[in-house]
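Hello,

Here is the structure I promised to pass on. Please open it alongside this note.

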Amino acid sequence: MFIAANWKMNLDKQSILEFSKDLQNFKFSKDVRACIFPPMTYIDFLNRQIQNLPIYLGGQNCHFKSSGAFTGEISPKFLKDTGCEYVIIGHSERRIFNKENNNEIKLRAHSAINADLKVILCVGENLIDREKGNAIKFIENQILKCIPENFENSYIAYEPIWSIGTGKIPSVLEIREAHRNIKEILYKKFNVNTKVLYGGSVNVENINQILKIAEVDGVLVGGASLKVKDFLAIYTAAVKHLNNSL
Ligand code: PEP
């Protein structure tokens, strides 16, 4: 089970210090992996605050080249060097605001995996495609275009765009259908069993309902991961869920 916290462009040094202090006495479980994706400039700072804790670190994006004249970009090698184990690629905010297309996302994922990072590759439909009944077709197309042939030890995050930051989540049936399809496509095309995270307005109130869906291997949490109390409550719900299903 995997709990991924995408902080996006939030939390400054002081807030990270306070967040980290509150993590110190928490009992983490070996069965639930937690990973925080802080703003790039604070990866090293956060790393130093949580060195003694079993929390992984990740980057929110990386470039497809490992070095060169790419002002403002970040190399996957540098993420690895700074202590990251994971990287999010293809988040819908990057696709929309930075015009990253499927081909570029594929290159970024390929180069991240080559740098020994585990990728969390985001896919998900917009509201129009969901309402027209095209969601599964849309996701399938994204996957076929975005997944590099070296896609190993990595995850897909199913994040419907209409659910991110809106408080709306798909029904249990819709999440199950999307996750099943994603797993099937990846198995058929690349012969890999891939873990799929759900992302989009996950919070303390809906986490139990989401974790009950057998096809959900974890969650990617944005807004609710910014408050340490909520982040730990979501983590605790995952531990309880695992213990109950043993
Ligand atoms: C995200 O942007 O990855 C995300 C899941 O955000 P939120 O939880 O705030 O909807």
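Below is what was found in it.

**Ground rules.** This is a predicted model: local features need pLDDT of at least 70, side-chain atom pairs count only at pLDDT 80 or more, and totals for chains, interfaces and linings use all residues. Residues are numbered from 1 along each chain as its sequence is written, and side-chain values use heavy atoms, with hydrogens and water left out.

**The cores.** A nonpolar core is a set of buried Ala, Val, Leu, Ile, Met, Phe, Trp, Tyr and Cys residues joined through side-chain atoms within 4.5 Å. Buried means under 20% relative accessible area, exposed over 50%, and partly exposed in between (1.4 Å probe, protein chains only). The largest core has 62 residues. Leu23, Val119, Leu121, Ile156, Ile182 and Phe231 touch the most other members. Helix 10 (residues 228-244) gives this core its largest share, eight residues. Helices (H or I, at least four residues) and strands (E, at least two) are DSSP runs, numbered from the N terminus. A second, separate core has 12 residues, including Phe2, Cys35, Ala157 and Leu220.

**Leu121 and Thr194.** Contact here means heavy atoms within 4.5 Å. Leaving out residues up to four places away in sequence, Leu121 touches Ile89, Arg95, Cys146, Phe151 and Ile156, among others. Thr194 sits in the loop between helix 8 (172-190) and strand 7 (195-199). Is Thr194 buried or exposed? Thr194 is buried, at 8% relative accessible area. Beyond its neighbours within four places in sequence, its contacts include Phe151, Tyr155, Lys183 and Asp217. Thr194 and Leu121 are 73 residues apart in sequence and 11 Å apart in space, C-alpha to C-alpha.

**The ligand.** There are 15 residues around the ligand, each with a heavy atom within 4 Å of it. Lys8, His91, Glu159, Gly165 and Ser201 come nearest.

- Lys8: an N or O atom of its side chain is 2.5 Å from a ligand oxygen.
- Ser201: a polar backbone atom is 2.7 Å from a ligand oxygen.
- Glu159: a polar side-chain atom is 2.8 Å from a ligand oxygen.

Alone, the ligand exposes 290 Å², and the protein buries 95% of that. Those areas come from the Shrake-Rupley method with a 1.4 Å probe.

**Cysteines.** How many disulfides are there? The count is zero, where a disulfide is a pair of cysteine sulfur atoms within 2.5 Å. The sulfur of Cys122 has its closest cysteine sulfur in Cys146, 10.0 Å away, too far for a bond. Cys122 is buried at 3% relative accessibility, and Cys146 is buried at 0%.

Best wishes

Technical notes:
Polar contact = N/O pair within 3.5 Å; in protein donor to acceptor, adjacent residues only side chain to side chain.
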